[in-house]
Amino acid sequence: MIILGIESSAHTIGAGIIEGRKILSNKRKMYPISNKGIIPSKVAEFHSKHISSLIRDALAESKINIEDIDAVAYTKGPGIGACLRIGQIAAKTISRQFGKPIFPVNHSVAHIEIARVMFNMHDPLVLYVSGGNSQILGIINKPFRHYHVYGETLDIGIGNALDNFARSANLLPAWGSSVAKVAEGGKYIAMPYNVKGMDFTFTGILKYATDLLAKEKLPDIAYSFQETMFSMLCEATERALFLLGKKELILCGGVAQNKRLNEMLQSIADSHGVKFRAASDQFNADNGAMIAVVGLEMLENNDHYALSEATIDQKFRADKFEIKWQL
Amino acid sequence: MQKYRKVNEGAEAVIYASSFLGIDAIIKHRAVKDYREESLDKMLRYQRTKKEAKILSVASEVVNAPKVLFLEKDRIFMQRIRGENLSAILQTSAANGAGKANLQANENLFAKIGVALAALHGIGIVHGDFTPANILVDKNSISLIDFGLADMSQMIEDKAVDMLLMKRAISNEQYAAFLAAYKKGYNKAPEIIKRLEKIERRGRYQERTLTSTNEK
């Protein structure tokens, strides 16, 4: 089975092709980020300009024709409406033109599923950390099978907190890794720490760290800011591991590449005999192959979506997406 | 800590069985977490231990809760309470008839829980993790345990969350008995219940699938 996956939820437009669990091609282009964030309509324009050539490149690299694919999958959400629409239109056009089944996919679940499939795990606890999302999830069968959100940020995503701080500190994009770089060798300063059960908040510490820029050394602030936020994530994750008795742990999403966060989670996993894996960077960045992986699972499960059901949903939460297949 | 018998291990602390001046006791030890910065680790463990001990000593005046016997920086020696865990009782009652009979025999059980929460909230304590796993049931009484996430708070929101956690974990019938007793025991109950309804309607909580961690 060959699946084309199209991803367009934010600043990256991607087209990925998989055959079975093998990735044939995973092409993407990222809208160049300025220091002021992104304007949705400009990004959508960028996506629509590049989508056709990206799909063509992906087909060429896979050495197949568009007629050879068995289905097309696209990101339904969550994401920016104008951007999501570009991927949706491309997928619907291909589906209609070539008579291929179409599958609307949840973006967050795709990040998780590609990692889970690659690591051959069956019941993992997941820490999903990206710009807009910071969630602790696990599969649950009621009322329908889905990734239940056991804990999450109650205000902003950790990636946004890191970006926001980096901009205030005049660091360069990509901001998260700039913070990590400048944090090396910093000394610890106590900062606000806010965990409630398995939920956490980041605006308090963001304000505190930003205000401190005028008074303390940048490496010390950056180190303490990152260290405290990661400790919050780790505490909530460890609590979830205990409560649910999971034996597998996946870290994924844009912030998953951070070395320090990996180290901390590895230490927790080791002390409880839990198998820990972090998704590789190519899948933590937004990409089409992860959408194709979920599309394949839906196809193998004989799911069917009419073109009229191929919608977009800007606020499509992971826990609203039914996992019909076996893990 | 090796001379004590480990009886339970949670994410935050390890529980050991012990005796203290002849009293049946447990020790709650907040052990070092290697993954985090040492100074942050110390601060969190010491602050939380101190706070929990303080809350326990106030709470055990008004409800059945472990009395604090002795306090160290990262350890609380507390009275050991016997009883069966409510979440285990609920699970067996769902699985077989015998457990169900047990639950019915103790028909005031959920009313007793309502009375206890009313008393806690009345003196300005929120439990923070008010689930069946933290309620011990004995023949004629119930006790509240694990005040690790408890706080001194008069916030309506915090109290409503205590209610919500219990509501999610028990049946409608059980909740009705719990609620009636809570209303009777706490004069500010109407405000709390109003907020509870609001939380259930609003954004994240409404969006989040409502499932307690006990089910799967």
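**View 1. In chain B, S3(B) and S5(B) line up antiparallel over 5 bridges.** Everything in these views comes from a predicted model. One pair to pick out here is Ala25(B), which stands opposite Gln79(B) in S5(B). On to another partner: strand S4 (residues 68-71) of chain B is joined to S5(B) by 3 bridges, and these two also run antiparallel. Look for Leu71(B), whose bridge partner in S5(B) is Ile76(B). The link from S4(B) to S5(B) is a hairpin of 3 residues. How many of the 5 residues of S5(B) are buried? The count is 4, so strand S5 (residues 75-79) of chain B is mostly covered. As a reminder of what holds such pairings together, strands of a sheet pair through backbone hydrogen bonds, either parallel or antiparallel.

**View 2. Leu21(B) sits in a loop of chain B with a positive phi.** The loop in question runs between strand S2 (14-20) and strand S3 (23-29) of chain B. Phi of Leu21(B) is about 50°, although this residue is not a glycine. That is worth a second glance, because most residues other than glycine have a negative phi. Is Leu21(B) buried or exposed? It has 8 other C-beta atoms within 10 Å, and the cut-off for exposed is 12 or fewer, so Leu21(B) counts as exposed.

**View 3. Chain B comes in two parts, domain 1 (5-79) and domain 2 (84-207).** Their C-alpha centres lie 23 Å apart. Where the two parts touch, 13 residues of domain 1 of chain B are in contact with 14 residues of domain 2 of chain B. On the domain 1 side of that contact you will find 9 nonpolar, 1 polar and 3 charged residues.

**View 4. Three strands of chain B form an open sheet in the order S6-S8-S9, paired antiparallel.** Which strands are at the edges? They are strand S6 (84-85) and strand S9 (142-144) of chain B, each pairing on one side only. Helix H4 (residues 109-122) of chain B packs on the sheet, where it touches S8 and S9 of chain B. The direction of H4(B) makes about 40° with that of S9(B). Back in the strands, S6(B) is joined by 2 bridges to strand S8 (residues 135-137) of chain B, and the two run antiparallel. For a landmark, find Glu84(B), which stands opposite Val137(B) in S8(B).

**View 5. Helix H5 (residues 156-169) of chain B has the length you'd expect.** At 1.5 Å a residue, its 14 residues should span 20 Å, and the end C-alpha atoms are 21 Å apart, which agrees. Several of its residues are tucked away: Lys159(B), Ala160(B), Val161(B), Asp162(B), Met163(B), Met166(B) and Ala169(B) are buried. What covers the buried residues of H5(B)? The cover includes H4, strand S7 (125-126), helix H6 (172-185) and helix H7 (189-201) of chain B.

**View 6. Chain A meets chain B, with 26 residues of chain A in contact with 20 residues of chain B.** On the chain A side, strand S8 (146-152), helix H7 (218-244) and helix H8 (259-271) each supply at least two residues. H7(A) gives the most, with 9 residues. Sorted by class, the chain A side has 13 nonpolar, 7 polar and 6 charged residues.

**View 7. Two cis peptide bonds in chain A are shown here, both ending at a proline.** One runs from Gly77(A) to Pro78(A), with omega near 0°. Pro78(A) lies in the loop between strand S4 (71-77) and helix H2 (81-98) of chain A. Another joins Lys142(A) and Pro143(A), with omega about -10°. Pro143(A) is in the loop between strand S7 (134-140) and S8 of chain A.

**View 8. Lys63(A) is a residue other than glycine with a positive phi, near 60°.** Where does Lys63(A) lie? Look in the loop between helix H1 (40-62) and S4 of chain A. Lys63(A) has 9 other C-beta atoms within 10 Å and is exposed.

Note on methods. Residues are numbered from 1 along each chain as its sequence is written. Chains are lettered from A and ligands numbered from 1 in the order in which they are written. This is a predicted model: local features need pLDDT of at least 70, side-chain atom pairs count only at pLDDT 80 or more; totals for chains, interfaces and linings use all residues. Two strands pair if DSSP finds at least two bridges between them. Two residues are in contact if their C-beta atoms, placed from the backbone, lie within 7 Å. Axes are lines fitted to C-alpha atoms, for helices over the stretch in contact, and angles run from 0 to 180 degrees between N-to-C directions. Domain bounds come from an automatic or database domain assignment. Ala, Val, Leu, Ile, Met, Phe, Trp, Tyr, Cys and Pro count as nonpolar, Asp, Glu, Lys and Arg as charged, and the others, Gly among them, as polar. The expected span of a helix is 1.5 Å times one less than its number of residues. A residue is buried if 20 or more other C-beta atoms lie within 10 Å of its own, exposed if 12 or fewer, and partly exposed in between; C-beta atoms are placed from the backbone.
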